[in-house]
Amino acid sequence: MDAPTPDARAMPTITYGPPIAMLAEVTHRCPLSCPYCSNPIELTKRDGELPTEVWVDVFRQAAELGVLQMHLSGGEPASRRDLEDLVTACREYDLYSNLITSGIGLTEKRLAGLQERGLDHVQLSLQGVDAEMADLIGGYKGGYSRKMDVGKWTTALDLPLTLNAVVHEKNIDRLPEMIDLAVTIGARRLEVATVQFHGWADKNRAALMPTREQAKLCGQRVAEARERLKGTLVIDYVPADHHADYPKPCMGGWGSTGLNVVPDGRVMPCHAAHTIPHLVFDNVKERPLAEIWEHSSAFNAYRGFDWMQEPCRSCDRKTRDFGGCRCQAMAMAGDAAATDPVCIKSPLHAKMQAMAQADAQSDGELTYRVMPK
Amino acid sequence: MIPENDIPRLLSGCRTKYDKVRGNWVLLAPERAIKLDDIGAAILAETDGVRSLGGILDVLAEKYNAPRDQISGDVVKFLESLRDRRMLEVS
Ligand code: SF4
Ligand code: SF4
């Protein structure tokens with residue numbers, strides 16, 4: 001999102017406007033079982049999911065609150081038979097709808113139907129550049145070939161297509177092929193996101209952590225391809241921060257640009273916020289969305305800068321990176337208000353780098369995401 | 001550069017909307033919501049996929065009572081930036 005970042009140095013406390021985007025995780029069900037899925041370890045079962053009419057009402061509230069873009073995600077959103085109704089609701093409330101999908105569960109006819117109902121954009125995940133790699137990572141045989149079909153149908157319908165590739169130790173070296181594939185299939189955008197170790201990925205650090213050299217080469221290749229493909233393919237890149245000196249900014253600041261509603265209706269400031277155990281999340285079944293945005297304790301926990309500790313508190317980079325990732329601080333420092341250990345100023349930085357180095361050198365069995373019975 | 005006879009057109013999945021909550025126009029595109037200032041909104045209001053660049057410049061010059069060659073640079077720059085970001089096509 002191109003959200004304007006308020007210059008917080010000029011203000012005593014951060015002022016946050018209305019959210020720009022909402023991620024609607026409409027289901028945790030998914031035919032794939034990617035070992036880096038950001039969904040929580042405790043997945044919500046089908047009978048715990050919000051029904052159609054509640055989602056539709058949440059979309060209405062989101063639009064009134066100021067949300068412009070609705071990302072329909074999961075799990076696999078196409079696993080819901082009412083996906084059509086959800087897209088219709090987005091159009092009705094004039095929300096820009098983005099379908100974040102693995103492609104499984106979509107047919108040419110279903111895609112055309114979704115387009116007719118006003119679907120604006122398709123973001124298709126890419127686990128690898130051939131069936132062997134993609135189906136190994138996705139844990140779903142035949143997934144790759146169906147995905148390629150979905151990509152072709154999407155561009156043939158003149159629906160804009162983004163390919164989203166999560167890169168990690170096992171596939172990061174094949175980035176040039178991913179870029180070629182994106183161009184061949186007619187995608188307008190390619191997202192290259194280095195795996196983030198939240199949720200299931202944390203169980204797979206040894207198998208997935210890229211080496212420093214791999215990460216560096218990936219960055220160079222992205223820079224080269226951006227130049228070469230200007231006007232053909234836009235590439236968004238999330239680098240590996242474990243090998244960096246400073247952390248990535250937390251989406252324009254915690255609770256400042258977006259919100260995430262999970263399948264059972266709880267509202268979170270980010271897709272990984274469930275990894276911070278002391279946060280209490282309000283539910284759309286119990287509280288209006290606008291009230292949650294403004295008053296939820298989970299949203300207010302890390303808004304602005306007052307919660308910060310040293311070295312972040314007195315650091316002039318804080319308005320740029322917001323102290324890094326709260327979830328990463330939680331995972332590594334055991335305190336979500338600590339400085340992200342990725343930062344060179346964190347007392348845990350050396351330990352974090354040694355751990356990343358060790359994980360990068362070692363390999364492990366993949367632990368796949370599984371639904372509870 | 002965009003020749004004056006060429007016709008700029010927003011690509012599918014890219015559309016403008018008036019954001020009532022914030023009181024400004026936005027360009028909605030894949031994974032992007034771009035706040036438009038008055039000039040950007042005025043340019044896109046005339047970018048209808050029928051008018052050529054030259055036609056757009058004529059309309060803007062007339063409507064805003066501005067010298068055509070003075071606005072032309074900004075208009076082209078704006079359209080080119082959208083083209084580079086795969087939101088607009090010129091044919
Ligand atoms: S000390 Fe905190 S604010 Fe400063 S660069 Fe590190 S993470 Fe960012
Ligand atoms: S807390 Fe971490 S995972 Fe959550 S939005 Fe911020 S950077 Fe991303």
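Tutor: Let us begin with a definition: on a 1 Å grid over the protein atoms alone, a cavity is a set of points where a 1.4 Å probe fits but cannot get out, whereas a pocket is an open set with protein on both sides within 12 Å along at least five of seven lines, and lining residues have an atom within 4 Å of a point. A molecule sits in a cavity or pocket if more than half of its atoms lie within 2 Å of its grid points. Ligand 1 sits in the largest cavity. This is a predicted model, in which local features need pLDDT of at least 70 and side-chain atom pairs count only at pLDDT 80 or more, while totals for chains, interfaces and linings use all residues. Residues are numbered from 1 along each chain as its sequence is written, chains are lettered from A and ligands numbered from 1 in the order in which they are written, and side-chain values use heavy atoms, with hydrogens and water left out.

Student: Which residues surround ligand 1?

Tutor: A residue is counted if one of its heavy atoms lies within 4 Å of the molecule, and among those around ligand 1 are A:Y246, A:P311, A:C312, A:C315, A:C343 and A:K345. By class, this shell has 6 nonpolar, 2 polar and 4 charged residues, where Ala, Val, Leu, Ile, Met, Phe, Trp, Tyr, Cys and Pro count as nonpolar, Asp, Glu, Lys and Arg as charged, and the others, Gly among them, as polar. A:P311 is also joined to A:E310 by a cis peptide bond, with omega about 5 degrees.

Student: What is the make-up of the shell around ligand 2?

Tutor: That shell has 7 nonpolar, 2 polar and 1 charged residues, and its members include A:H198, A:C250, A:W254, A:H271 and A:C327.

Student: Why is the pair of A:W254 and A:Y302 called edge-to-face?

Tutor: Rings of Phe, Tyr and Trp (its six-membered ring) pair if their centres lie within 6.5 Å, and planes under 30 degrees apart count as stacked, over 60 as edge-to-face and the rest as tilted. By this rule the count comes to 6 aromatic pairs over all chains. The ring centres of A:W254 and A:Y302 are 5.3 Å apart and their planes stand at 85 degrees, so this pair is edge-to-face. The pair links distant parts of the chain, 48 residues apart, with A:W254 in the loop between β7 and β8 and A:Y302 in the loop between α10 (297–300) and α11 (318–321) of chain A; such helices (H or I, at least four residues) and strands (E, at least two) are DSSP runs, numbered from the N terminus. Together with A:W307, A:W254 and A:Y302 form one aromatic cluster.

Student: How do you know that A:W254 is buried?

Tutor: Buried means under 20% relative accessible area, exposed over 50%, and partly exposed in between (1.4 Å probe, protein chains only). A:W254 has a relative accessible area of 5%, and is therefore buried, and A:Y302, at 6%, counts as buried by that rule.

Student: What makes A:D94 partly exposed?

Tutor: A:D94 has 31% relative accessibility and therefore counts as partly exposed. A:D94 also has a positive phi of about 60 degrees although it is not a glycine.

Student: Is A:F322 buried or exposed?

Tutor: A:F322 is at 7% relative accessibility, so it counts as buried. Its phi is near 55 degrees, a positive value in a residue other than glycine.
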